[in-house]
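Thanks for sending this one over. Here are my notes, to be read with the model open.

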Amino acid sequence: MSYSDKVIEHYNNPRNVGSLPKEDPNVGTGLVGAPECGDVMKLQMRVNPQTQVIEEAKFKTFGCGSAIASSSLATEWVKGKTVEQALAIKNTEIVKELNLPPVKIHCSVLAEDAIKAALNDWKRKHSAAEIATPATAARTQ
Amino acid sequence: MSVKLPIYMDNHATTPVDPRVLEAMLPFFNERFGNAASRNHPFGWSAEEAVENARAQVARLIGATPKEIIFTSGATESNNLAIKGVAEMYREKGNHIITQVTEHKAVLDTCKRLEKGGCEVTYLRVGKDGRIILDDLRRAITPKTILITIMYANNEIGVVQPIAEIGKLAREKGVFFHSDAVQAAGKIPVDVNRDSVDLLSLSAHKFYGPKGVAALYVRRKNPRVQLAAIIDGGGHERGMRSGTLNVPGIVGLGKACEVAQADMAEESKRLSGLRERLKEGLFAKLDEIFINGSVDHRLPHNLNVSFAYVEGESLLMGINDVAVSSGSACTSATLEPSYVLKALGVGEDLAHTSIRFGLGRFNNEEEVDYVVDKVVQTVQRLRELSPLYEMAKEGVDLSKMQWQVAAGGEH
């Protein structure tokens, strides 16, 4: 299997590798895939609650070079976008950017799923936080 | 220390032609180019003489007589001829064949085709060590059993089957025994009489001969095995395999057998030394790596290792100046991880992380050291990138996780 230059570049220099604190209310975590299937992606994003802008994104991926490149690219793309903009990212755009062959399309699907999973986690936390905040605020006043 | 890159360490897939073999072959392309079946002029006689010399060289390697060697185009053909040839010839006697789950596809798919034609096939399981269980075999034999086909050594994990014990059992029960010895012939001592093997496949390109030429050993007495041909024509090879003989290839196969036999003791010792160096190098620097298959019953030049939490194809990508292969799904046409590792009970998660190292005649210590360093660096780097490694280090039991499989994925 030959890889596109962009896949090789991301594989050799993956962007935004690492982890963010899972418990942070402003951090959404997405963990998708399964070890039995040969790929697992963890994507984390820190969202500014005021502006809804994704300020930080980190990933870790177990998978082939295309899976690593797809998730590395995803972290690059979501940074600076709003939650709604990030949710609109389609796997086909990742396929196009990285020149993925048909057998590797599932890597891009997984990356899209990881973005959605992370942001859904953030939304879930965020709505919980919103409910919690006024109550706490009321008590301190 | 300078190492010439890329390094070839995939000698189970194929091997380079040994210069001694190439030299022996060359005259047969243009000087001694005759058809070995031309009986009435010196060009034919010269080619025939070379073929008969090669037949004797092949026979010597496996303790057979020259008349028991049939030349074919490859071990896939040899396996097809042995299995289909027996199934057809002995149809009146029975229709049951016994094989096992980690055979090469050339055997498994041949058996599957015969099943469609009315044969019954038993696929024996293997233990965690990759070897069949002799009691299973004993129990599987019925009065309808005509053939047992069990490989000598496996192409992925290098595990050597208990061939002599299988042969003894087959002989007791009056069942023919075929062995696909493609990975073993020329590497470890194979003797069709010691092992009671009745049919045996071997292929030149697996032991420093050319591609496109192989042999099938067919026992002539005690017991005599007859085969129905699968290729009809001019009646070459005692009617079992028609077609003009590939004289340069056959000469190469013969020479490869001669060289392998002469060098085997020394070479297998040297290669098992290199293998130990590779193994110790990896184990000294990496945790959570596992050898797949039996360590004791193994070809001297094989090492198959799972590097937990690192997907095989991404590892191959990181060691792109080293030619090895992986049991990962991503490297296979079917997107399924290795069926051989699965049969051993290796979990699919670990099957995806496996790498097969196949050492060969032309590898040396410097290359092994280079490969160790490169693999260690890449595994460490990819583990830093692996969410599974992180979770395992945090004490998460990965087997108890509820994994969220991609909704639109192709899993």
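Predicted model: local features only at pLDDT ≥ 70, side-chain atom pairs only at ≥ 80, totals over all residues.

1. Residues are numbered from 1 along each chain as its sequence is written, with chains lettered from A and ligands numbered from 1 in the order in which they are written.

2. Between the chains, 28 residues from chain A meet 29 residues from chain B (contact: C-beta atoms, placed from the backbone, within 7 Å). On the chain A side, α5(A) gives the most, with five residues (helices are DSSP runs of H or I, at least four residues, and strands are runs of E, at least two, numbered from the N terminus). That side has 16 nonpolar, seven polar and five charged residues (Ala, Val, Leu, Ile, Met, Phe, Trp, Tyr, Cys and Pro are nonpolar; Asp, Glu, Lys and Arg charged; the others, Gly among them, polar).

3. Chain B splits into domain 1 (7-11 + 264-396) and domain 2 (19-260), with bounds from an automatic or database domain assignment. Their C-alpha centres are 30 Å apart. Where they touch, 19 residues of domain 1 contact 22 residues of domain 2; the domain 1 side has five nonpolar, 11 polar and three charged residues.

4. Back in chain A, which residues of α2(A) meet α4(A)? They are A:S66, A:A69, A:S70, A:L73 and A:A74, facing A:I94, A:E97 and A:L98.

Technical notes
Contact = placed C-beta atoms within 7 Å.
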